[in-house]
Amino acid sequence: MLRWKYSRPLLGLLLVVLAIAPLFTNNPLGKPGLQQTMAVAFVWGALALTYDLLFGFTGLLSFGHALYFATGVYVSCILINHDVVSWWLAALIAIAVSAILAFLVGAASLRTTGITFAMVTLAFGEAGHVIVNRNFFNLTGGENGIALNAENVPQIWIGVFNTKYIYWLALAALIFTYAVIWWVTESSAGKVFSALRDNEQRVQVLGLNTQHFKLLAFVISAALAAMLGFVMLIAAGSAAPRFAESGVTIALLLMVVIGGAVTRWGAVLGGIFYSFASTRMQDLTQQESFKSIPEWIGGPIAEPALLLGLIFILIVMFSPGGLSGAYYRLRLKAITRKSS
Amino acid sequence: MNALSVKDLHVKINESHILHGVTFEVPTNKVTALLGRNGVGKSTTLRTIMGFYEGTGSVELNGKEILGMQTHKIVQSGVAFVPEDREVFASLTVKENLSLAARGKNNDDAYKAVYDLFPELDTRAAQQAGSLSGGQQQMVAIARALLNKNEILLVDEPTKGLAPKLVTEVADVLAKVAQTTTMLLVEQNLALVKRVAQHVIVMDQGRVVYQGGPENLHDDAWVHQMLGVSGGHK
Amino acid sequence: MDTFILIGITGIGLGALYFLVASGLSLIYGLMGVLNFAHGSFLTVGAFVGWWIAGKLGPDTSMIDFIIAMFVGGLAAGLFALLIEQLLITRLYDRHIDQALVTVGVSLVVGALLGGWFGNDLIMFPTPMWFLTAVNVGGAMIPADRIVYIATAIMLLIGNWILLKYTRIGLIIRAGVENRNMVNALGINVRRAFSTVFFLGGFAAGVGGVLVSVYSNGVSPLIAGSYLIYGFIVVVIGGMGSVPGSFLAAMMIGVIRQFANYYVTGLGDFVVVILLAGVLLIRPQGLLGKVRA
């Protein structure tokens with residue numbers, strides 16, 4: 001068995017620890033600083049998993065995933081700020097809007113495959129970025145984005161001392177996303193997704209309409225991304241154009257590849273690691289000891305993209321299965337060594 | 001020594017085991033026909049010799065092992081390829097298609113020989129290869145294989161899809177070329193095979209089931225049993 | 001009418017910049033099947049090297065100084081491209097998705113290095129005084145730098161045409177774009193053409209980088225991103241593997257963008273993106289591209 005028999009119980013234990021830790025102030029997770037960092041990391045981990053459904057499981061290389069994430073952020077924010085509906089209804093509407101958008105965009109884009117598909121999704125993603133950036137209809141706040149109106153949102157999420165509630169919201173969102181994606185990929189539809197990735201022709205020969213399945217994966221992934229957009233809105237306190245940039249999708253691609261595209265937990269791990277590393281590196285550069293490093297080394301190191309880019313290149317070249325792929329390879333070695 | 005010596009060739013493509021220990025000899029300066037029903041692995045064999053697919057076993061060109069070598073190196077060793085579907089470069093002119101293929105420095109003699117065989121290629125030198133007819137494209141495909149000094153010519157179904165008159169023309173050309181070159185010819189057209197082949201290999205389900213002289217080709221019952229077709233035509 | 005000419009020519013000028021980026025991208029994808037996301041970093045490398053050279057050549061930048069800076073910038077970018085190809089791309093032969101991913105990694109690393117060393121703010125690019133003047137074309141006053149972009153793009157187009165039509169390596173590239181395997185089957189090591197195409201693409205992007213820095217009023221690692229995206233859009237609309245296609249598409253897109261932006265600020269980007277989606281859905285192989293098997 002490739003799965004280590006203790007991995008599931010340990011994972012469960014880890015989740016319990018993560019959930020309980022903020023209740024006590026004497027551990028690192030008792031402080032709002034780390035809670036905020038981890039909350040954001042959880043959102044990215046979950047978002048990476050939604051991207052993995054497309055790329056790792058169904059073999060769809062999309063460069064416009066940020067569009068649905070940003071839709072979730074912006075639609076929720078606009079609805080909440082203008083007091084149109086209550087906050088949770090706003091979130092649901094944002095998810096619905098994103099799903100419909102994905103349905104339309106997907107129906108059009110999925111007529112193409114491979115690199116062409118990547119370009120089409122890039123185009124739609126950029127369109128979204130442009131809309132948000134140029135403040136069309138005076139709704140999206142342009143380059144500065146929109147600050148979330150704190151009054152229309154449950155006060156439980158407002159204020160530094162309530163950071164742990166944001167933390168729990170993010171953790172819950174991650175667990176929910178994982179559960180949904182686990183259920184989807186283990187279902188019979190999920191098996192079709194994997195088959196699509198490996199050999200689309202064979203699936204067609206079975207009489208299955210590959211378009212419908214691809215579209216299904218596309219819409220599910222977009223809906224979840226929108227939900228996470230809402231969570232990010234709460235965590236960040238504002239909607240900003242950076243959520244709609246192609247850089248977001250590129251980051252997701254990195255997370256998924258670093259973590260391991262074919263495994264669910266790999267994608268989550270990649271997302272958490274990436275987000276955590278970026279934030280931590282930025283904090284690191286503010287410290288005194290860092291300032292003593294010569295500029296020509298310190299300058300580039302301060303940019304998270306350097307280290308992450310290098311890791312990414314190394315993984316693509318030498319360990320394409322990512323961290324989880326490497327883990328399973330080691331497990332295989334350990335098992336075969338044990339049996340010989 | 002034989003021009004080409006294939007021993008125990010196994011080839012897997014996308015998890016399908018296509019060739020199961022193919023073994024045969026291609027004698028020098030003779031035309032060897034590689035026959036068999038559709039799908040038995042004839043084209044795969046040629047393409048493996050060309051280095052397009054990986055396989056285990058041994059492929060020796062005049063004693064030199066070429067299995068595992070890169071395609072362009074195999075060709076430089078003296079293997080010329082006329083592929084099924086011709087694969088001429090449609091956006092290049094006829095002359096460009098030929099000059100791309102000519103590897104040596106002093107090709108004037110080679111070009112002259114080629115234009116003797118295919119005078120149309122000279123007149124149509126500036127024409128885009130994509131606008132040529134199927135038969136003309138086949139001429140280009142064969143011509144470019146003849147522009148270099150070759151140890152062996154691998155020809156894959158040269159008359160496929162051609163009208164009967166063109167089949168005869170191609171057959172004439174191949175017969176002429178065969179006089180001075182070693183050839184391994186995959187063909188469905190038995191009339192052509194009977195005309196040029198001095199040696200015959202029959203494959204079935206990824207294996208060689210017959211290797212020998214061409215006498216049996218005139219035996220309709222044998223042909224029907226081996227190839228599942230009637231003897232005179234295809 | 002003057003406005004029309006002005007917008008039209010500035011649009012063509014912008015198109016010229018897009019073409020400089022796109023020509024390399026087109027051949028690299030057409031011949032090698034590599035979606036080169038590192039192309040933007042070639043642009044940035046060329047820009048920074050060109051800026052450094054221009055600085056060294058004295059406080060006043062003459063036209064000759066500028067041309068030298070362009071050329072050296074292009075050369076540096078070309079050599080960098082060659083390095084990437086030899087170090088990374090060749091090792092991932094025929095693993096197209098991984099090749100594309102690795103180029104993404106390169107773009108991040110280069111952006112971080114240059115951003116770390118020089119910062120992300122715009123640094124003035126030393127420019128000949130003449131660029132700031134305006135030239136009278138048919139009654140419209142065209143900024144002189146636009147003329148330079150267009151001239152450079154035309155020279156690149158001609159140079160490209162000569163290379164492809166009259167040299168052996170050009171012949172190999174044209175054939176390889178159409179059918180890579182058959183070129184190998186003729187005894188030609190098509191991979192040597194890969195290096196050539198990467199180098200030339202890098203060179204063109206590097207030259208483009210210098211010009212983009214003038215157009216954008218400064219050098220910065222952040223500029224390359226949008227030019228890369230536009231480069232891809234141009235390549236896809238023009239047809240992968242077709243340099244004339246890229247030229248046509250680049251001019252079209254530059255002009256359309258300028259006109260759209262004239263009527264509604266910011267509309268240009270949006271219109272181009274919708275145009276891309278439209279072309280992809282109606283004619284996926286682009287204007288002059290071939291339908292790949």
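Two residues are in contact if their C-beta atoms, placed from the backbone, lie within 7 Å.

## Chains and contacts

This is a predicted model, in which local features need pLDDT of at least 70, side-chain atom pairs count only at pLDDT 80 or more, and totals for chains, interfaces and linings use all residues. Residues are numbered from 1 along each chain as its sequence is written, while chains are lettered from A and ligands numbered from 1 in the order in which they are written.

Two pairs of chains are in contact, and chains A and C share the most contacts. Chain A and chain B are joined by no contact; their closest C-alpha atoms lie 11 Å apart.

## Where chain B meets chain C

The contact takes 18 residues from chain B and 13 residues from chain C. On the side of chain B that touches chain C, the elements giving two or more residues are helix H2 (71–76) and H3 of chain B. H2(B) gives the most, with four residues. Helices (H or I, at least four residues) and strands (E, at least two) are DSSP runs, numbered from the N terminus.

## The sheet of chain B

Chain B holds an open sheet of four strands in the order S2-S1-S4-S5, with antiparallel pairing; two strands pair if DSSP finds at least two bridges between them. Strand S2 (16–26) and strand S5 (64–65) of chain B stand at the edges with a single partner strand each, so one side of each is left without a neighbour in the sheet.

Strand S1 (residues 4–13) of chain B is joined to strand S4 (residues 55–61) of chain B by six bridges, and the two run antiparallel. The bridge partner of B:Ser5 in S4(B) is B:Glu60.

## A covered helix in chain C

Helix H6 (residues 168–178) of chain C is mostly covered, with eight of its eleven residues buried. A residue is buried if 20 or more other C-beta atoms lie within 10 Å of its own, exposed if 12 or fewer, and partly exposed in between, with C-beta atoms placed from the backbone. Among the buried residues of H6(C) are C:Leu171, C:Arg174 and C:Glu178. The buried residues pack against helix H3 (94–101) of chain B, together with helix H1 (2–32), helix H5 (144–166), helix H7 (180–184) and helix H8 (190–215) of chain C.

## The nonpolar core

A nonpolar core is a set of buried Ala, Val, Leu, Ile, Met, Phe, Trp, Tyr and Cys residues joined through C-beta atoms within 7 Å. The largest has 296 residues, and those with the most contacts inside it include A:Phe42, B:Leu154 and C:Leu20. Helix H9 (residues 210–236) of chain A supplies the largest share of this core, 19 residues.
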